[in-house]
Amino acid sequence: MPTIQLNGITVDFPFTPYQCQEDYMSRVITCLQNKVNGVLESPTGTGKTLCLLCSTLAWRDHFKDTISARKISEMGGAELFPDRPMSSWGDSATDGEMSASYTDVPKIIYASRTHSQLTQVINELKNTSYRPKMCVLGSREQLCINPEVMKQTSNHMKIHTCRAKLTSHSCQYYNNIEEKSTEKELVNTILDVEDLVKNGNKHRVCPYYLSRSLKQQADIIFMPYNYLLDPKSRRAHNIELKGAVVIFDEAHNVEKTCEESASFDLTPYDIATAIEAVNQVLSEQAKRVGQSEEFHMEAAASGLKMDVVDIAKIKMILLDLEAAIDSIDLPANGKGVTKPGSFIFELFKKAQLTFETKSGILEAVEMIIGFLAGSSGIFINTLGLQKLSDIIQIVFSSDPPDGSIVSALEQNIGKHYKVHIQPDNSNQKRKQNTDIWSASSTKKQGKVLSYWCFSPGFSMNELVCQGVRSIILTSGTLSPLSSFTSEMQIEFPVTLENPHVIDKHQIFVGIVPKGPDGIQLSSSFDRRFTPDYMASLGKTVTNVGRVVPHGLLVFFPSYPVMDKTIEYWKDNGHGSRIEGVKPMFVEPRNKGAFTEVMDSYYAKVSDPKASGASFFAVCRGKASEGLDFSDTNGRAVIITGLPFPPRMDPKIILKMQFLDEMQRKATGGVKFLSGQEWYRQQASRAVNQAIGRVIRHRHDFGAIFLCDHRFMNNDARSQLPSWVRPFVKVYDNFGHIIRDVSQFFRVAQKIMPPPKSKFSAYCGAVCSAEDASSGCLSSGGSFSSDGNSFVRKAKMLDSHVPSLKKRRIDGGLHSDGDGMASLCIEYETDIDSVRRKPVGLLDALEHNDKKPGQEVEKLVGEEKKKNEVPASQQTKAEKAKLFMAAVRKSLSQANSDQFTQAMQKYKKTDDFEAMVADLTTLFTGDPNKHYLLRDFYQFVRPHHKKQFHEACCELTGEGCGYKPEHSLSKEEKEKLMQTAEKKTKMEIPTASANTFISSASSSSQLNTSQQLNKGGSHLNTESLTKVESHLTVQLVPKERKMSAPQKLRLDVYLEDVKRALGPTKYNQFYVAIQAYKRTDNYDNMVSETVALFTEKPEDFQLLRRFSMFVRPYHKQQFIQMSKELTGTAEETRQDQKDGRPSCQDNSSAHPGTSRDQSVVSKTGEAVKAQSNILSFFLKGDNTK
């Protein structure tokens, strides 16, 4: 590997570095040598991670050599090493320190936001020549492999179950730690989280405690940065910071993490559940008090070493705290009240929570939680008690120095905080006890107590006080650096804003202030939900999608904006048009489903038969954080607006007020942001992070579209990354940006080397090793055993977390054509088994029941080969088996048994109310289990479907997709099918279900100069001539030819439509028919045709005659709708009767006129029809 000299340090680098990489490494070394802090920004794709690792480890080696040189000098110097000059060992004078021991060599703590990002960092370390001793820290949720511990439903229950097993020496994995912690394979190998789990299973040793053991001797320690910033986590993991070098990678989120780790919201429900848990312990212990000696023996055996009186004191503290919060008067407007940060100590003092009592109360609360975690029987929710424990540690995080005044410490802490009390307006109703022991919040509306930290510098100063050597914050998006460092409130003498390593032909940046229809694009609060804006944005995305190859990313300001916009697009035809160009994938809020959707998107992009895919996400969401959108996965990104935080949120208001207050009070040259500056910075930082998804490495290229007129302001443009600003261009004419970006991609694809083929996630899951080594044809790429392994490993990281362990979905091989990939779920099959397959959920309960301990957790890489079945092809029995597996994985053994009993009871009694009550208890307490309640819908008996759907809406806020036909019994469905078949035989052949045949051109990308929506001058008549002739052919079924009269009627109708609508709208008509053919979406088809044919009364007849294209099972609905809108349906009734396309004889001779035109020409009929049309659009429901 090449070596370079930087600041007197020899750095081994995997290749000859670029100048910006040398500059970056030089700044890192400067920070370490001078014991100062640094803020370094370097765009994604510039090798930032590799530079950090190489420069830091090179400096550390030099530091060790300095100590070695001193020791050699003390032992005789040159006489011991005559062939090696002393200067080669390092010059101790350069460090200015008198370190006398190797124990003084600083540890490197490398922190990033998530374990997925750390996995990529660790794999970068493997690509260097450095082999330090290392470890990666994680939670039990990620590292524990004890089946009994992992059955627990919450993380803190896992903690207490684990501790109980350690105390009783009953965990075989932990018992092997001492013996296995010296294994060379475990000590001298670079291991990430997945490797730790794999080796833990292989050696039968606990990965969680193994990582803590390796930490003692590690040179570099990897961890998520909330482990550092949260004092509770820092103490739990026993992280020693004195003299350490702390690196925060992906540091754009550090400010938020600093504030959130030091803040809390305490709800009435939290207090109520805490009191309920203490009540349970209190009542159990009280029952045993009268049993004298037997009681003491059982109490000792149970592990609860507390008197009943002490338990009662904890309950009294909770009741006093609740009363103190409820005693605060709130204004009538419901906005809540705000108090100074020091008010929290005054409030807690009323509940006997002080610096003096905190230790005893914490110990008692932990003992109660541990007791409940180890108790068998009914599940007790201990989240409230855990919340109380966390809150005490946050409020009393710092102990007052000996001899100091407590009130002074309280004032010092309080100046970084605000206390806010507001009414509890939560819509989530939870089941509560109402006896005299219950909290008062169960009987009236309570109040939420919020303790919010508004100074990230508070947490950063705590790190400085721990004696760290240097703190380095780095990311691809820290601009503007001045505002970032101002928020941190510590000195950063070293700063850097690096340029990118790409050339100008690799990036295109355009500001798009108007859509193709001339409507201004603005996602401001008063414009974001207007129909004209949402429609124009939909047309913009469609047209951009036609010219962008492969993957297109679209970022919205927030989830509500994204959800409502996409809903509007689907209801008004824009969604089907986007889907026709690039199949749509939408970022889910659920963490477990995210990996599945991402893998499906990747597969669709890499499918050579597809025209790419579009991924819709939100700024600050999971997709905007370090995911793999390199090369074809993300050739362009559309930013649909400035993602400002919600201005009326109390927390945002108080943050801005806090900053304004601090700015006024600032002294001694200390700089603070104003509230307004911070507000604008939040939006800019989120935009910059989303922009960074496109250019991911030196040979990548892509386009950035800023689709909001506010980006034209100099203030907004100045907040963009320094490497983006030189390329920004404003486009007043939408056609020009389409022209320029088309040219950009043509040039880039010719100049830039083709990207390396990537081994798809789907193939990685299902192909055999032999297939993988020879290349997977379905993915269109070849397998590389090492090139992209770390990418796959990072994507599959959630597989290590049992509660999130789900298999990938196949978006490319099992696509049904609508762009939304089918779910592929794997399950075990026993090919030798001859048992009868279960035919439903209740049978599955009996056939799928396994004894505890019978099921052994398998590693992802070591699982047996499984069958993958698309969700759309799964039988009821397969769905039942999968559902039961998910239930067992999510519930404890006791709750699983309770679920089984509830189902058996429902099977016998058909008691719907009892079944819902049982499921509510099991699945509504934890939002992560809501999907199980909704998934149960498929197994509810038909006559209960509607009630169950309504119950889910009320309990979870989301329904089950109920339709009236779901309530039909099997016999009723068969009867309807027979009736439908008879009617189908009587329908005209040209309107059959297979009226339309597929066309190769319909799946290809449209020519931008011919078929742009609302493109005006970009349309030409040549394309329409092709469309017309092509459409005529497509309307003929494959199995037979049209008769001459039928073809004449069809030609006449198309000519009438073309004359009435004009070229632009005729193209929309063609697109609508294509979409209906492809998706069978009746609602979208009706929406498009009604919009086209009801603008003028003389076009009403075209709407009625359109029934010749409507499929049989939609025809009656269409005829009725047409009758209601236009006031008559004579022609469509005649069509139905004749079984032929409707066209009068005189239409052949005079194509421009028809009997319908004479009907609608009458004034009264036209007015009536226009009134019906207006009511149709006001209803907003095409099916009614």
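View 1. Of the 92 residues in the largest nonpolar core, the ones touching the most other members are V11, F222, F248, M460 and L473. A nonpolar core here is a set of buried Ala, Val, Leu, Ile, Met, Phe, Trp, Tyr and Cys residues joined through side-chain atoms within 4.5 Å; buried means under 20% relative accessible area, exposed over 50%, and partly exposed in between (1.4 Å probe, protein chains only). In soluble globular proteins, nonpolar side chains tend to be buried together.

This is a predicted model, where local features need pLDDT of at least 70, side-chain atom pairs count only at pLDDT 80 or more, and totals for chains, interfaces and linings use all residues. Residues are numbered from 1 along each chain as its sequence is written, and side-chain values use heavy atoms, with hydrogens and water left out.

View 2. Strands β1 (residues 3-6) and β2 (residues 9-12) pair in the antiparallel sense over four bridges; two strands count as paired if DSSP finds at least two bridges between them. Helices (H or I, at least four residues) and strands (E, at least two) are DSSP runs, numbered from the N terminus. Two residues sit between the strands, and N7 in the turn has a positive phi of about 55 degrees. I4 and L6 are on the covered face of β1, while T3 and Q5 are on the uncovered one. Over in β2, V11 is the bridge partner of I4. Leaving aside neighbours within four places in sequence, V11 also has contacts (heavy atoms within 4.5 Å) that include M25, I29, C54, A58 and Y130.

**View 3. Helix α1, end to end.** How far apart are the end C-alpha atoms of α1? They are 23 Å apart, which agrees with the 22 Å that its 16 residues (19-34) should span at 1.5 Å a residue; the expected span is 1.5 Å times one less than the number of residues. Buried residues of α1 include C20, Y24, M25, I29 and L32. K35 follows the helix with a positive phi, near 55 degrees.

**View 4. Q719 in its loop.** Look between α31 (714-718) and β20 (728-730) to find Q719. Is Q719 buried or exposed? Q719 is buried, because its relative accessible area is 17%. Beyond its neighbours within four places in sequence, Q719 is in contact with P480, S684 and N688.
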